[in-house]
Number of protein chains: 2
Amino acid sequence: MSIESVTPMGSVRLGDDGASVVIVDQSLLPNEIKYLVLRGREELYEAILELRVRGAPAIGIFAAYAVCVLAGQTKASAYDDFYNEFNRNKAYLDSSRPTAVNLRKALDRIDNIAAANAGKPIPEIIDAMKAEAVKIHQEDISMCRAISEYGLELVRDGDGILTHCNAGPLATSRYGTGLGTLFLAQERGITLHAWCGETRPLLQGARLTTFELQKAGIDCTLICDNMASLVMKEGKINACFTGCDRAAANGDIANKIGTSGIAILARHYGIPFYVFCPSSTIDFACKTGEDIKIEQRAPEEIKEKFFMRPIALPEVKCYNPAFDVTDNSLITAIITEKGICRSPYTENLAAMFK
Amino acid sequence: MSIESVTPMGSVRLGDDGASVVIVDQSLLPNEIKYLVLRGREELYEAILELRVRGAPAIGIFAAYAVCVLAGQTKASAYDDFYNEFNRNKAYLDSSRPTAVNLRKALDRIDNIAAANAGKPIPEIIDAMKAEAVKIHQEDISMCRAISEYGLELVRDGDGILTHCNAGPLATSRYGTGLGTLFLAQERGITLHAWCGETRPLLQGARLTTFELQKAGIDCTLICDNMASLVMKEGKINACFTGCDRAAANGDIANKIGTSGIAILARHYGIPFYVFCPSSTIDFACKTGEDIKIEQRAPEEIKEKFFMRPIALPEVKCYNPAFDVTDNSLITAIITEKGICRSPYTENLAAMFK
């Protein structure tokens, strides 16, 4: 049973009652496929914080639905009260994780609808907000599909692809970003072999990417992150595919910790390094990667989570940045729903989207 | 209680009865400090295979003692029978792990003693063999000390040092190779800060290196392997220190998987990359790193070991090379007990040792 077959829109959907958000709890995969029906303010926030829902596009979709579900619980009768309450919920959800820009951008889109419909009856405003959330979701499906199509231009039958973290259906909708090309290739009879970095500390590559690929029947091999250099040296890798959590205007990209290291290794070995990035993940307000805030997470994720026994003494300090920034000079191309964008990124991304 | 304080010679010693090898079971650290008293052929082999004893120099010392302990159990009365039995034990222990050359070199040294004493009474031969094993051990202590002294020339007060895997007292004797300089610096009042890569899959960096440093009161921070690029970029790292499992004549070095990636990142960021390598770890019979056999280990180490639940589906394939080879062009210097050796390595290593 693949995630695709159980949640055809991806790992997030609006509950059938329109008053809840339903997700696959990604923190439990691959050992358990558990659906959560979320309604409460704190549990919606916690789902993002604890990576029950994760992946920049999926977080955006989730937050859009979540803020609508919370709006539906309002007791306000005056617009101002309703809108103030909306803004508190928006700010609360937005504070859950700082790096992926989709979260803020999706919430801003719902905000724009709430503001534009000022004065209308509140149930009508909420319906318009929900329609916008569904639109964000459907746009993501279309963008993932288009990105995956463009990605096909970058591969040949038999290629080995190094993946990092998870940028598949769980992280997005349907095809995914970084993994979408692998799913589409399989549909077209093109054989690709994925080498999946496990992605410490939270193991999204091991737990989610190999799960998605294996269930889809795509040949994949799990490696530890520190094996990337060797598999590249051994000629197993023809291209690196990653997703993106926030792209700056100059093409610097924030993505899961470890991404910049892979890009440097790829450069060393002469292997192309591709970033799959829907426009919803581009933040033109960030001029360079230096403007992107990197989330720092708890030491327990490194030392304790998932393990039978702690892997270090309690008094040992940890440094646990969740993302790093890859310099645009290391990126062979950024693949968006509009096409394959190459350096100089400032000019070419602007020409594509502005 | 530091390992140093409980096992002043390192993590391996000949039992007081002369008929056993005593080790700290490194596979249980840091949660449990358990000593094993090993006598049996299979348990001695298994201790190496399962990394209860690990670290190239420690494996060599252990194997030297182990083959003596097994010799002491002989029922042979004729030299030829004794020596044939010795050779079977030697070959068996030598087959436990292929990459670290210290194993074979230590066994060869005991073999030379056994051969040179042909015709003498067997108990006398065994005593001579044991004396050679103790000599290997004592030489390692001296080499580690000398290497650590030379390492001090490469650091300045306040430096951040990136470490990988474990090359401290547990892996060697006393000071260690890659970590020795950190211990010595502390004795001399020089403050270094260690950034310790956890070293997947078996987590020697997390479990052993931070244990040794923390117990010694040396400032250290644990990171996941894929965070090396970011900490380098952030200016936290002034030098990378690693041990070595086998150095080829041209200065290519096999070390724990991930080492080559760190060397490439260090080159990218302009950070020196130093390999601490006693002459017992240099294999002049290997012309280049291509001649070094890389051990492949079981997928369970990646997917299951240490974890509460498997991190990937049972059917997911793993690739689990235990070492990689770092090209000599990426190595700033190789520090041996004779001094700091720089490129061209073929000439300079030969001049130092041949």
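I take contact to mean heavy atoms within 4.5 Å. The model is a predicted one, so I note its limits: local features need pLDDT of at least 70, side-chain atom pairs count only at pLDDT 80 or more, and totals for chains, interfaces and linings use all residues. Residues are numbered from 1 along each chain as its sequence is written, chains are lettered from A in the order in which they are written, and side-chain values use heavy atoms, with hydrogens and water left out.

**Entry: interface**

I looked up the contact of the two chains and found 61 residues from chain B and 61 residues from chain A. The area buried between them (accessible area, 1.4 Å probe, lost on being put together, summed over both) is about 4,900 Å². Carbon and sulfur atoms give 63% of that area.

I then listed salt bridges (a side-chain nitrogen of Lys or Arg within 4 Å of a carboxyl oxygen of Asp or Glu), and the rule finds 6 across the interface of chain B and chain A. One of these pairs Arg200(B) with Glu198(A), whose closest N and O atoms are 2.6 Å apart. On the chain B side, the elements that each supply at least two residues include β5 (193–197), α8 (204–215) and α10 (259–269); helices (H or I, at least four residues) and strands (E, at least two) are DSSP runs, numbered from the N terminus.

**Entry: cores**

I searched for nonpolar cores, sets of buried Ala, Val, Leu, Ile, Met, Phe, Trp, Tyr and Cys residues joined through side-chain atoms within 4.5 Å. Buried is under 20% relative accessible area, exposed over 50%, partly exposed in between (1.4 Å probe, protein chains only). The largest core has 100 residues, and Leu162, Met232 and Cys240 of both chain A and chain B are those with the most contacts inside it. A second, separate core has 42 residues, among them Ile61(B) and Val69(B).

Beyond four places in sequence, I find Cys240(A) in contact with residues including Leu162(A), Met232(A), Ile262(A) and Phe273(A).

**Entry: Thr163(B)**

Thr163(B) lies in strand β4 (residues 160–163) of chain B. I count Thr163(B) as buried because its relative accessibility is 2%. Among the residues it touches, outside four places in sequence, are Leu179(B), Trp195(B), Thr209(B) and Phe241(B).

For Cys224(B), the nearest cysteine sulfur is that of Cys318(A), 7.8 Å away. Cys224(B) is buried, at 0% relative accessibility.

Conventions
Disulfide = S-S within 2.5 Å. Buried area = accessible area lost by both parts, 1.4 Å probe.
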